[in-house]
Amino acid sequence: MVLTSDNTSRRVMTLYMGTGLALTALMMFAGLMLRASQAGWMPMSPGQFYAVLTLHGAVVIVALMLCGMGGLWFLMRRLTSLSAGTALIAYACIAAGAAAVIAATLFGGFAGLYTFLAPLPFHGSWPYWSTGAFLIGMTLITIGWMAWCMQMLGAVLRAYGGALGALAWDFVWHRKVFDASGRPLPPPEAFPALMAGFDGMLAGMSAMLLGVALIVRWIDARVLINPLWAKNLTYFFAHTYANLIIYMLAALIYVGMPYATGRKYHTSTALVVGWWCSMLLTLTNYFHHLYMDFVQPGPFQYLGELSSYLSAVPVTVVTIFSALMLVWRSGMKWTLGAIFMYAGLIGWVVGGIGAEIDATVPFNTHLHNTLWVPAHFHTYLVGGCVLFAVGWVFLCLESRSIRRTGTLMRWAVGLLTFGGMVVFLMGFYCAGAYGVPRRYAIESPPGPELAKIASIGATVMIIGFALAFAEGVRLRFGYPDGEATMRIGQEVEA
Amino acid sequence: MGVAVKLLVMFLVLASAAIAIFLVVAYSTHLPVREQHDIQQRGYAIRGRWFLSLVLFLIASFAASIPFYPYMSATAALAPARKVPVIAEQYAFIMPSRLPVGKAIIFEVTSRDVNHDFGIYNPQGNLIAQVQAMPDYTNYLRLIFHEPGQYTARCLEYCGIGHAIMAKTFTVGDK
C-alpha cells in the first residue's frame with residue numbers, strides 16, 4: 001500500500017499537529033494546576049486562577065483545531081489541490097493570535113474567559129490593554145481559521161464538481177445519472193472537509209462580526225452591544241468550533257481504522273446523508289447553551305434540544321457503528337495507534353451521553369454551569385479528540401518504523417492514560433451531580449475533595465501520555481534509512 | 001437523592017452499556033477472522049434497527065421533556081404570584097432576605113453590569129432552579145418553595161474574579 005511520498009503535505013501536517021499536540025500538553029499541565037488549586041494544594045489568587053483558566057480554555061480549543069486542521073489538510077492534499085503557502089499563512093495568523101492570547105492572559109492577567117461574554121471583558125480588574133490584546137488575538141485566530149476553511153472548501157468544490165458534487169447529491173437521489181456521469185465520488189474523508197469548510201466559514205463569520213464589534217467597543221466605550229445578541233454569536237461560533245474539531249478528526253478515523261483493521265471504508269448513502277445531517281445540526285444545536293436565558297425566543301429552545309438530540313444519530317449510526325463493523329472480527333493488532341483510536345471512539349460516545357443529558361432542558365436546570373459541563377466536554381476533548389490525534393500520530397509512526405511496541409509498554413500506557421482519565425473525569429461528573437458550580441476558584445464542599453481525587457487522576461493520565469510520548473520518540477528513531485514513504489491511508493493515484 | 005445525582009446514575013448506566021459494547025467488539029478481534037463482506041449484511045441490518053430505535057427514543061424523550069420546561073407560560077404569568085425583584089451586580093444579589101413557603105413566586109431577575117446567573121440551592125445543597133441575570137433584560141423565574149429553611153443563591157455565570165464569592169442566603173418560611 002503506497003500512500004504518499006509528498007514531503008510538503010507531511011511537513012504541513014507535522015507543523016500543525018506538532019504545534020497542536022505540544023500546546024495541548026502544556027495546557028494539560030495548566031489544567032492540572034487549576035484542579036490542584038481547587039483542591040487547595042496549589043495556592044493561586046483568584047486573578048491568577050481565572051487568567052490561567054482563560055488561557056487553558058482558549059489555547060486548548062486552538063490546539064485541537066490545529067490537530068484537526070493539519071490531519072485533514074494532509075488527507076485532502078492527496079485528493080485535491082491545496083496550497084501549502086495558504087496553509088502556512090493560516091498557521092501564521094493562528095500562531096500570532098495564540099501568542100497575543102498568551103500575552104494577554106499570562107502577562108496582562110486578562111481573565112474574561114475564553115467565552116468572553118460581553119460586556120465582561122470591559123468590566124474586569126485586569127489592565128485595559130490586555131482586553132484589546134485578547135480580542136485582537138482571537139480575531140487573528142479566526143482570520144487564520146477562515147483562510148484554512150476557504151481553501152479547504154474551494155478545493156473540495158473544485159475536485160468534486162461544485163456543491164452538489166461535493167455533497168454527492170446525485171449519488172443519493174439519481175444513482176443512474178451519477179453512475180453514467182463518470183464523476184468521482186467523494187471518499188469518506190471529503191465530507192468532514194466539506195463540513196469544516198462550510199460550517200467553519202459560517203462560524204468564522206459570526207466570530208469576526210462579534211470580534212470586530214468588541215474591538216470597536218474596546219476603542220470607544222460609548223458603543224453599546226446587545227448582550228443577548230453577543231451571547232448568541234459567542235456560543236454559535238464557540239460551539240461550532242468545538243464540534244468541528246471532532247468532526248475534522250473523524251476524517252482520521254475514516255483512514256486510520258481501515259488501515260489498522262486491514263479493511264475498506266467506502267462512501268455509502270448512509271454516510272452521505274449522515275454528513276448532511278451533521279452539517280445542518282451542528283449549526284443549530286448551540287441553542288442549548290442559552291436554555292437558562294428565558295428571554296431567548298421560545299422556538300430556539302425547542303430547536304436546541306431537538307437538534308442536540310438528533311446530532312447523536314449520524315455520529316453513532318454512521319461513524320461509530322461503521323468503525324465497530326470494521327473492527328468486528330477483523331483480527332486487528334492492538335498497537336498503540338489502534339488502542340488510542342479505538343479508545344477515542346469510546347470517549348466520543350461517553351462524552352456524547354453526558355452532553356445529551358445536559359442538553360435536555362429540564363435536566364439543564366440542575367446541571368447548567370455546574371462541573372457537569374466541563375465533565376462532558378473534557379470527555380470528548382481529552383477522551384476523544386486528543387486520542388484521535390495521538391492515535392493518528394502513532395499509526396503514522398508505526399507504519400514507517402521497524403520497531404514495535406512491546407506488550408508491557410502498551411498495557412502500561414493504556415492503564416495509566418485511561419485509568420487516570422476515568423478518575424479525572426469522574427471528579428468533574430460527581431461534582432456536577434452535587435451542584436458544584438464550574439469556574440469557581442474556591443469551591444464549596446464536596447468540590448475540594450473531588451478536586452483532590454481528580455488531580456491525582458490527571459497526574460496519572462499525564463504520566464501515561466508522557467510514557468506514550470517516550471515510546472513515540474523510540475518508534476521515530478526506528479525509521480529505516482532512505483525510507484520516505486508513509487504507508488498509512490487509502491491508496492490514491494499518483 | 002437530588003435530581004442531579006439521579007442523572008449521574010443514569011449517565012453511569014448508559015456509559016457502562018456503551019463501554020460494554022466496545023469491549024465486546026474489541027474482544028471479537030481475538031476470535032477467528034471473518035471477511036468483511038461476510039459480516040456486512042448482518043451489520044447493516046443491526047444498524048438499521050439501531051437507527052430506528054435511537055430516533056424513536058430521542059423523539060419520544062424530546063416530547064416527554066416539553067411539559068417540564070421551566071419557561072413561564074402566559075397562563076402562569078397571569079396567575080397570582082408574589083413578584084420578587086432580583087438585581088445582580090459584581091459580586092452580590094440584591095433581593096429580599098425572607099420569602100414565603102408554599103406560595104408562588106415570580107423572580108424578576110436582571111443585572112446592573114455583566115452576565116450573571118441566579119442559581120438557587122435548597123437547604124440540602126441541591127441546585128433546584130436557575131435563570132440567567134442579564135444586563136438590559138429581565139428574566140422571569142416562577143417557583144414555589146415547598147420546604148422552609150435556609151436557601152442560597154449563587155452566581156453560576158462567570159462574572160469576574162469575585163465570581164466564586166457571589167452568593168446570598170435567604171430564609172424561606174418563618175424559621
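Author: Two packed helices are described by the angle between their axes and the distance between the axes. Here, the axes of helix α12 (residues 336-358) of chain A and helix α14 (residues 372-400) of chain A come within 7 Å and cross at roughly 160°. Axes are lines fitted to C-alpha atoms, for helices over the stretch in contact, and angles run from 0 to 180 degrees between N-to-C directions. Helices are DSSP runs of H or I, at least four residues, and strands runs of E, at least two, numbered from the N terminus. The model is predicted: local features need pLDDT of at least 70, side-chain atom pairs pLDDT 80 or more, while totals for chains, interfaces and linings use all residues. Residues are numbered from 1 along each chain as written, and chains are lettered from A and ligands numbered from 1 in written order.

Reader: What orientation do α12(A) and α14(A) have to each other?

Author: α12(A) and α14(A) are roughly antiparallel, a term for angles over 145 degrees. Their contact residues divide into 17 nonpolar, 11 polar and two charged. Nonpolar covers Ala, Val, Leu, Ile, Met, Phe, Trp, Tyr, Cys and Pro; charged covers Asp, Glu, Lys and Arg; the others, Gly among them, are polar.

Reader: At what angle do α4 and α8 of chain A pack?

Author: Helix α4 (residues 128-159) and helix α8 (residues 190-219) of chain A pack at about 155°, axes 8 Å apart. α4(A) and α8(A) are therefore roughly antiparallel. Their contact has 21 nonpolar, eight polar and no charged residues.

Reader: How many helices and strands are in chain A?

Author: Chain A has 16 helices and zero strands. Its C-alpha trace spans about 60 × 50 × 40 Å along its principal axes.

Technical notes. Angles under 35 degrees count as roughly parallel, over 145 as roughly antiparallel, 65 to 115 as roughly perpendicular and the rest as oblique.
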